[in-house]
Amino acid sequence: MLRIRIIIGLISLFFLVIIFEAIRRRKFMEKYALLWIISGLVMLIFSLFPEILFRFSHFLGLYYLTVLLLVCFIFLLLILFYLSIAISQLTEKNKELAQEIGLLKEKFDRLKKETKEEENEAT
Amino acid sequence: MQNKILIILPAFNEEKSIAGIIDDIKKNVPEADILVVNDGSFDNTSKVAREKNVFVIDLPFNLGIGAAVQTGFKFAHRNGYTIAVQCDADGQHPAYQIKNLISALQENNVDIVAGSRFLRKYSYKSSIPRQIGIFLFSKLLSFITKTKLTDTTCGFRAFNKKAIEFFSQYYPCDYPEVEALVLAHMQNLKIKEIPIRIMERKAGVSSIGFFSAFYYTIKVFLAVIIDLFESFHIKKR
């Protein structure tokens with residue numbers, strides 16, 4: 001029991017350090033990191049204070065590790081859902097940007113051609 | 001008021017057929033402007049179209065048919081066109097019928113005229129799963145829109161100013177034809193079908209292969225159902 005708590009504690013600490021380092025190096029936006037940090041912290045709390053989890057495990061009739069996995073799984077689902085929404089929004093914005101580039105390029109080329117023709121007429 | 005007409009040709013790798021279509025349209029509808037939306041083609045589609053002296057928009061990469069057509073609507077809206085006609089660039093939609101679409105738009109006082117391959121018995125062959133899909137969607141959409149629709153997947157359509165403005169803001173992404181009609185209906189745009197005749201494709205392959213027909217059906221069905229609950233916030237520019 002103690003062994004698994006120590007392992008989980010170390011994993012979550014390692015996890016938090018990596019997230020912190022990624023944010024510090026500007027590789028990870030805080031907006032997306034928040035859910036990861038919360039899930040790391042929850043893991044750490046569970047390894048330090050297993051009593052909280054014991055209540056859950058009694059209530060659900062499950063073992064310590066199983067409940068921990070369940071909690072991790074729920075967090076992962078949340079993170080994935082959040083990322084899917086973020087990707088959808090980015091795809092939409094990306095499409096609009098590409099369309100705008102196409103429209104502007106067409107306008108630019110047309111204006112360039114018109115000015116050229118005007119110059120030719122002037123000379 | 002004189003109508004300003006734009007023919008939108010979304011094109012993805014159509015260098016072999018695009019020049020022929022443009023000539024065909026110029027001959028049949030000389031008063032219309034033509035816009036080729038080159039959807040990130042790998043071939044010379046853009047170059048061939050530019051040589052024909054029409055408007056050409058080059059999208060920086062492939063966005064899919066829906067986004068390409070929407071780019072056309074954006075262009076039409078910003079440049080004050082009052083009628084837009086969407087037409088395939090692979091030669092399936094002979095240009096002499098564009099006039100029929102446009103006059104149906106004005107005579108019936110509707111916002112969208114959709115071409116249908118099935119209103120009259122012209123010879124049109126298609127794979128069986130596709131035909132089943134087309135049949136089911138036309139039944140579903142006829143029920144939703146309370147208009148008789150026989151062919152909801154055909155991309156040969158004419159739009160008035162109101163429809164252009166709406167679609168310049170909202171247009172479905174992939175496999176857009178069916179969904180576009182539902183969205184239009186939700187906006188109280190009136191739709192009318194007229195019979196059209198289509199040609200065997202000259203070059204290129206259909207955007208819908210055999211295996212994607214299944215995915216197509218599921219995806220579009222889901223989208224149609226969700227669209228019925230969707231709310232739109234039209235941005236006025």
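Trainee: How many helices and strands are there in chain B?

Mentor: Chain B holds eight helices and seven strands. Please keep in mind that this is a predicted model. Of the 237 residues of chain B, 47% count as buried. Among contacts in chain B between residues at least 6 apart in sequence, 76% link residues at least 24 apart.

Trainee: In what order do the strands of chain B form the sheet?

Mentor: Let us begin with the general idea. Strands of a sheet pair through backbone hydrogen bonds, and the pairing is either parallel or antiparallel. In chain B, seven strands form an open sheet in the order S3-S2-S1-S4-S6-S5-S7, with mixed pairing. S3 and S7 of chain B stand at the edges with a single partner strand each, so one side of each has no neighbour in the sheet. From one strand to the next, the twist averages 20 degrees.

Trainee: Which helix packs on the sheet, and which strands does it touch?

Mentor: Helix H4 (residues 98-107) of chain B packs there, touching strand S1 (5-11), strand S4 (83-86), S5, S6 and S7 of chain B. The direction of H4(B) makes about 140 degrees with that of S4(B).

Trainee: In which sense does S5(B) pair with S6(B), and over how many bridges?

Mentor: S5(B) pairs with strand S6 (residues 157-160) of chain B in the antiparallel sense, over three bridges. B:Val113 stands opposite B:Ala158 in S6(B). With strand S7 (residues 191-195) of chain B, S5(B) runs parallel, and five bridges join the two. In S7(B), B:Glu193 is the bridge partner of B:Ala114, and B:Pro195 stands opposite B:Ser116.

Trainee: Which residues of H3(B) and H6(B) meet?

Mentor: From H3(B) come B:Gln70, B:Phe73, B:Lys74, B:Ala76 and B:His77, which meet B:Ile164, B:Glu165, B:Phe167 and B:Ser168 in H6(B). Sorted by class, this contact has four nonpolar, three polar and two charged residues.

Trainee: How many residues of chain B are in contact with chain A?

Mentor: An interface may be read by its residues, its elements and its classes. Here 13 residues of chain B are in contact with eight residues of chain A. Strand S3 (55-58) and helix H3 (65-78) of chain B each supply at least two residues of the side that touches chain A. H3(B) gives the most, with five residues. By class, this side of chain B divides into nine nonpolar, two polar and two charged residues.

Methods. Residues numbered from 1 in each chain as written. Chains lettered and ligands numbered in written order. Predicted model: local features only at pLDDT ≥ 70, side-chain atom pairs only at ≥ 80, totals over all residues. Contact = placed C-beta atoms within 7 Å. Helix = DSSP H or I, 4+ residues; strand = E, 2+ residues; numbered from the N terminus. Nonpolar A, V, L, I, M, F, W, Y, C, P; charged D, E, K, R; others polar. Pairing = 2+ DSSP bridges. Buried ≥ 20, exposed ≤ 12 C-beta atoms within 10 Å, placed from the backbone. Axes fitted to C-alpha atoms, helices over the stretch in contact; angles between N-to-C directions.
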